[in-house]
Amino acid sequence: MNATTATHARGMKPKRIPRPALPPPGLRPKLRRDQLRDLALCHLEALDSIARGDATSATLWDFVGAALTWSKAAELMRVGEAEMTAQLELVRSLIERYRRTGRVAFSGPEYQAAKAGVAVMEQLAEIVDHPRAVIAAEWSERRLQAIEAQSRAAA
């Protein structure tokens, strides 16, 4: 019997260890320069691959994951939310097109909108603090897994 089970057996609630308080938002660490560079490269690589027409489903899910991550970061920071909502609409369109045609491609003005969205994502990456970036990335990963599972079930 472990300590938690023993505590429950005695009718006591286990003590919760308090989470350390985060510093105020302005004092939290930001993403490092190498992280910003790597994110920008990933965003641009996915954008270019989709625009060229040689994107795979993995590229699609990478692009969707980036949009989810930065939309959540925008929500947490209360900045850039409208722009990221537009990106979420764009990725919904990409997903629907992929489901219908099996192709990952932009149509009409989507490329320009996606380019603008990538610029917003890079701006958000510049200003987000590390703890909120982690929260957004973890949330995005869970959401992306649910979307991918739903896509597989629909296929």
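## Salt bridges in this predicted model

Let's start with Asp129: its relative accessible area is 1%, so Asp129 is buried (under 20% relative accessible area, with exposed being over 50% and partly exposed in between; 1.4 Å probe, protein chains only). Arg28 is buried too, at 16%.

A quick word on the source: this is a predicted model, where local features need pLDDT of at least 70, side-chain atom pairs count only at pLDDT 80 or more, and totals for chains, interfaces and linings use all residues. Residues are numbered from 1 along each chain as its sequence is written, and side-chain values use heavy atoms, leaving out hydrogens and water.

The structure holds 10 salt bridges, each a side-chain nitrogen of Lys or Arg within 4 Å of a carboxyl oxygen of Asp or Glu. Here are three of them.

| Pair | Closest N to O |
|---|---|
| Asp129 and Arg28 | 3.7 Å |
| Glu75 and Lys72 | 3.1 Å |

Asp129 sits in the loop between helices H5 (110-127) and H6 (130-154), and Arg28 in the loop between H1 (3-9) and H2 (33-52), so their bridge ties together parts 101 residues apart in sequence. Helices here are DSSP runs (H or I, at least four residues), numbered from the N terminus.

Glu75 and Lys72 both lie in helix H3 (residues 57-77), 3 residues apart, or about one turn. Glu75 is partly exposed at 41%, whereas Lys72 is buried at 14%.

Glu89 and Arg92 are likewise 3 residues apart, about one helical turn, in helix H4 (residues 81-101). Glu89 is partly exposed at 46%, and Arg92 is partly exposed at 46%. Elsewhere, salt bridges with shared partners join Arg28, Asp129 and Arg132 into one network.

Terms used:
Helix = DSSP H or I, 4+ residues; strand = E, 2+ residues; numbered from the N terminus.
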